[in-house]
Amino acid sequence: MLTYDQQQSVDSLAPTHIQVPTGSRIRIDYRHGAESPVLSVRLQECFGLTDTPCVDGGKRQVLMELLSPGFKPVQLTQDLSSFWATTYFEVRKELRRRYPKHYWPDNPLNADAVRGVKRR
């Protein structure tokens with residue numbers, strides 16, 4: 001049994017959810033034996049997010065499992081800024097072909113994050 005202050009401390013060090021730029025609260029998966037907690041989120045909900053979210057008071061980055069609009073994994077990263085600068089354009093090319101109704105901006109850091117379909 002934890003006191004209220006201890007519960008608040010646990011919640012700040014190991015949050016259950018992280019809010020992404022769309023306003024969605026995405027659940028963090030603390031997998032047994034894993035090095036880092038996993039945040040599975042659709043790629044489009046991360047547009048505008050420059051840094052990888054952290055837990056443990058900012059000491060540990062989460063492993064971001066970026067998903068397609070169909071909720072299939074397309075990329076794993078702990079360095080979101082590097083992903084936007086390099087790998088995003090390769091992933092975007094494939095996703096534009098598979099999901100033509102969805103919005104795939106040239107500059108994901110300045111684009112508005114979207115939950116569903118945003119026409120081009």
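Modeller: One term before that: buried means under 20% relative accessible area, exposed means over 50%, and partly exposed is in between. Also, this is a predicted model.

Biologist: Fine. Is C54 buried, exposed or partly exposed?

Modeller: C54 has a relative accessible area of 35%, so C54 is partly exposed.

Biologist: And C46, buried or exposed?

Modeller: C46 is buried, with a relative accessible area of 0%.

Biologist: How many disulfides does the count come to?

Modeller: The count comes to zero disulfides.

Biologist: In which sense do β3 and β6 pair?

Modeller: Strand β3, residues 38–42, pairs with strand β6, residues 63–67, in the parallel sense, and there are five bridges. R42 stands opposite L67 in β6.

Biologist: Now the packing. How many residues does the largest nonpolar core have?

Modeller: The largest nonpolar core has 23 residues, and those with the most contacts inside it are L39, V41, L43, M64, L66, F83 and W84. At least two residues of this core come from each of β2 (25–29), β3, β6 and α2. α2 gives the most, with six residues. As background, nonpolar side chains in soluble globular proteins tend to be buried together.

Biologist: What does L66 touch?

Modeller: Not counting residues up to four places away in sequence, L66 touches V41, L43, C46, K72, P73, V74, Q75, T77, L80 and F83. One of these is the buried cysteine, C46.

Biologist: Switching to aromatics. How many aromatic pairs does the structure hold?

Modeller: The structure holds seven aromatic pairs. In one of them, the ring centres of F47 and Y103 are 6.4 Å apart and the planes are at 85°, so the pair is edge-to-face. F47 is in the loop between β3 and β4 (54–55) and Y103 is in the segment after α2, so this pair ties together parts that are 56 residues apart in sequence. F47 counts as buried, at 1% relative accessibility. F83 and Y88 also form an edge-to-face pair, 6.3 Å centre to centre with 75° between the planes. Both F83 and Y88 are buried.

Biologist: Which residues form one aromatic cluster?

Modeller: F47, F83, W84, Y88, F89 and Y103 form one aromatic cluster.

Biologist: Last one. Where is P15 found?

Modeller: P15 is in the loop between α1 (4–13) and β1. P15 counts as buried, at 18% relative accessibility. Leaving aside its neighbours within four places in sequence, P15 is in contact with V10, I28, Y30 and V55.

Definitions and conventions: Residues are numbered from 1 along each chain as its sequence is written. This is a predicted model: local features need pLDDT of at least 70, side-chain atom pairs count only at pLDDT 80 or more; totals for chains, interfaces and linings use all residues. Side-chain values use heavy atoms; hydrogens and water are left out. Two strands pair if DSSP finds at least two bridges between them. Helices (H or I, at least four residues) and strands (E, at least two) are DSSP runs, numbered from the N terminus. A disulfide is a pair of cysteine sulfur atoms within 2.5 Å. Buried means under 20% relative accessible area, exposed over 50%, partly exposed in between (1.4 Å probe, protein chains only). A nonpolar core is a set of buried Ala, Val, Leu, Ile, Met, Phe, Trp, Tyr and Cys residues joined through side-chain atoms within 4.5 Å. Contact means heavy atoms within 4.5 Å. Rings of Phe, Tyr and Trp (its six-membered ring) pair if their centres lie within 6.5 Å; planes under 30 degrees apart count as stacked, over 60 as edge-to-face and the rest as tilted.
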